[in-house]
Amino acid sequence: MSNWTAYLTTDAPASRRQARLGQAWRQWLALKQNPLAIAGLIIVVSLLLIAAFAPLIAPFDPLAQNLDRRLMPPSTLNFFGTDSLGRDIFSRIVYGARVTLFIVLLVVISVGPLGLLIGATSGYLGGWVDRALMRLTDVFLAFPRLVLALAFVAALGPGLENAVIAIAFTAWPPYARVARAETLVIRNADYIAAVRLQGASSWRIVLRHIVPMCLPSLIVRTTLDMAGIILTAAGLGFLGLGAQPPMPEWGAMISAGREQIFDQWWVATFPGLAICVVALGFNLLGDGLRDVMDAK
Amino acid sequence: MASSSGPMTGPATAPSGSGPGRLTRWGKLLSRELTTVAITMFGLLAITFLIARVIPIDPVLAVVGDNARPDVYDAARLALGLDKPLWQQFAMYVGKVFTGDLGTSILTAQPVISDIKRVFPATLELATLGTLVGITFGIPLGVLAAVYQGRWPDQLARFIGLFGYSIPIFWLGLMGLLLFYAKLGWVSGPGRISIAYQDFVMPVTGVILLDAAMQGEWDAFWNALSHLVLPSAVLGMFSLAYISRMTRSFMITELQQQYVIAARVKGMSEARVIWRHALRNALVPLTTVIALSYANLLEGSVLTETIFAWPGLGRYITNGLLNADMNAVLGGTLVVGAIFIGVNLFADILGRIFDPRTR
């Protein structure tokens, strides 16, 4: 047993950091037991790597048109064939990973903290604040997500940024719900009472003591939600309301291949496969994380 | 599922009386539900109002389109009440919605409400068949997954569930068309019915299968069905994933109950225990799940209808979107939202009726 393992698995951690790292190590060991979750992890990490090194991986410029070579079937030169403007589909899918990641990250960055704060505040303060905020989430949950996002994009105008805003606007209520449920359990814990007796303000309690405790279930929720976000974004792109051409967005690429679906099947098939694989990766990882992180 | 207490451990507090006490309790419940629905509806209106009037830079242009003449523009501006304060505009908007006035569509030059009445049956037909597909395959799959927990039926159910949550529905529809229509020729292509049969069926209910069956046009009926199979299977994939997953978790809870042990001890056959006793209790929460998945299919129908050129509410909304027809989009959104709320309420009430513990 190396020093590191001993440091991580000790029963008596000497510092807060050691305890935290130790817990992360035990969770990783548990996650490793689940082959499906590891498969998901590999897919997600691959997505990150492909997005990061897109110029090295893609053999062609994703925007370069070559009208002599339009609608070529998959070959050793163009792995996934070419589209109606002679662009290499494989390269476009590789660059599309960046677009997907961009959407997902922006939505998560904006939605996670917002939902967390609303849920924790609602759960901790209770009373009319709770009732008002939860009614608000009810209203948003009463809409099917895609339809509401559609209506928002209709008002804002099509575009990648507006699609992100629309998705974020429709995605926060479940996060608030999860955070609130966690907070309701935590708020009556003894350590919260102790902090309160020390004279901490409500803000301090919510931000420093309740929010960190809600994080694990929120991380799980986020990972499971990623697939939904990707599918919604692809749906908006497919309808022509998300990323605009010539940006290589997977949903828009499927839409572009729609006219040729019966003759040149590869144009619409491969972007769809890419969406499937990535969404499946996030779902598998989220499932595994749920088992590991909150065993409830 | 949070309610781990089975039917054996009945409620200790709720008085099992009948008569006036029970009636007032129902009355209270109903009024609480209705208040919730009223508040949610109000919020729904507030959001659509926000989208219609506050977010766009020029709400008038959003309604009349870019090429409107100045007098049309001014008339629309007055009709929207944009010269009045925001709260008055909102009151006007709510009043109009409640009298069934959702504005006029630019695209069809018809009142949005009559457009929606015309296209809605097509969506209803699709969503109903999709849900039927989900129930027919989802419940048995979920039951088998629960009974053979950890074995291959369970893995299969898990795979299908993950698949259903990871696949873009519009892509699945395209692939279905490619395989079953273009390559194999097993089903008919996009649209509700082939042009050859179009004039045989008079629209009475708007649900083409019903109309054709009522009028005895069986050729048209089979043609319409072959158009319907693929889109409803694609939609049903979604509710199948959801229903089978929930069935599995409800059944696992039920199979751990003492009445199941009692039934087995009595010597009842395993099949009878599972399908007659456990499943029957699992069906109580499942009614809610099925109702919710039905509402969710309305959402799935937006993309599916686009793929299959299905003249329903979803395609109406997307067509409106692509033609900057704001009234059509928001009218459709409002109707979908209202149906969602209605189905939720219905599912709640259904759950209470079927579950004696909540009475």
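Leu136(A) lies in helix H6 of chain A, which spans residues 127–141. In this predicted model, Leu136(A) has a relative accessibility of 40% and counts as partly exposed. That value falls between the 20% and 50% limits, so the residue is neither buried nor exposed.

The side chain of Asp138(A) forms a salt bridge with that of Arg177(A), at 2.3 Å from N to O.

Over all chains, the structure holds 12 salt bridges. Another of them joins the side chains of Asp83(A) and Arg87(A), at 3.1 Å from N to O. Both Asp83(A) and Arg87(A) are buried. Together with Arg92(A), these residues are linked in a network of salt bridges.

Between chain B and chain A, the count is one salt bridge. Its side chains belong to Arg158(B) and Asp287(A), and the N to O distance is 3.6 Å. The pair runs from helix H6 of chain B to helix H12 of chain A, residues 266–293. The two ends differ in accessibility class. Arg158(B), with a relative accessible area of 32%, is partly exposed. Asp287(A), at 12%, is buried because its value is under 20%.

The interface as a whole involves 43 residues of chain B in contact with 42 residues of chain A. The two chains bury about 3800 Å² between them, and 81% of this lies on carbon and sulfur atoms. In chain B, the residues that lose the most area to chain A are Phe170(B), Trp171(B) and Glu299(B). Together they account for 15% of what that side buries. Five residue pairs are in polar contact between the chains, with both residues at pLDDT 80 or more. Several helices of chain B give two or more residues to this side, among them H1 (20–54), H11 (270–307) and H13 (326–354). The largest share, nine residues, comes from H7(B). By residue type, the chain B side divides into 31 nonpolar, nine polar and three charged residues.

The largest nonpolar core has 148 residues. Leu150(A), Leu236(A), Trp250(A) and Ile51(B) have the most contacts inside it. Helix H10 of chain A, residues 202–238, gives the most to this core, with 15 residues. A second, separate core has 21 residues, including Tyr242(B), Leu255(B), Ile274(B) and Ile290(B).

Glu125(B) is found in helix H5 of chain B, residues 112–147. At 4% relative accessibility, Glu125(B) is under the 20% limit and so counts as buried. Leaving aside neighbours within four places in sequence, Glu125(B) is in contact with Arg192(B), Val207(B), Ile208(B), Leu209(B), Leu228(B) and Trp310(B).

Definitions and conventions: Residues are numbered from 1 along each chain as its sequence is written. Chains are lettered from A and ligands numbered from 1 in the order in which they are written. This is a predicted model: local features need pLDDT of at least 70, side-chain atom pairs count only at pLDDT 80 or more; totals for chains, interfaces and linings use all residues. Side-chain values use heavy atoms; hydrogens and water are left out. A nonpolar core is a set of buried Ala, Val, Leu, Ile, Met, Phe, Trp, Tyr and Cys residues joined through side-chain atoms within 4.5 Å. Buried means under 20% relative accessible area, exposed over 50%, partly exposed in between (1.4 Å probe, protein chains only). Helices (H or I, at least four residues) and strands (E, at least two) are DSSP runs, numbered from the N terminus. Contact means heavy atoms within 4.5 Å. Buried area is the accessible area (1.4 Å probe) that two parts lose on being put together, summed over both. A salt bridge is a side-chain nitrogen of Lys or Arg within 4 Å of a carboxyl oxygen of Asp or Glu. A polar contact is a pair of N or O atoms within 3.5 Å; within protein, one must be able to donate a hydrogen and the other to accept it, and residues adjacent in sequence count only if both atoms are side-chain atoms. Ala, Val, Leu, Ile, Met, Phe, Trp, Tyr, Cys and Pro count as nonpolar, Asp, Glu, Lys and Arg as charged, and the others, Gly among them, as polar.
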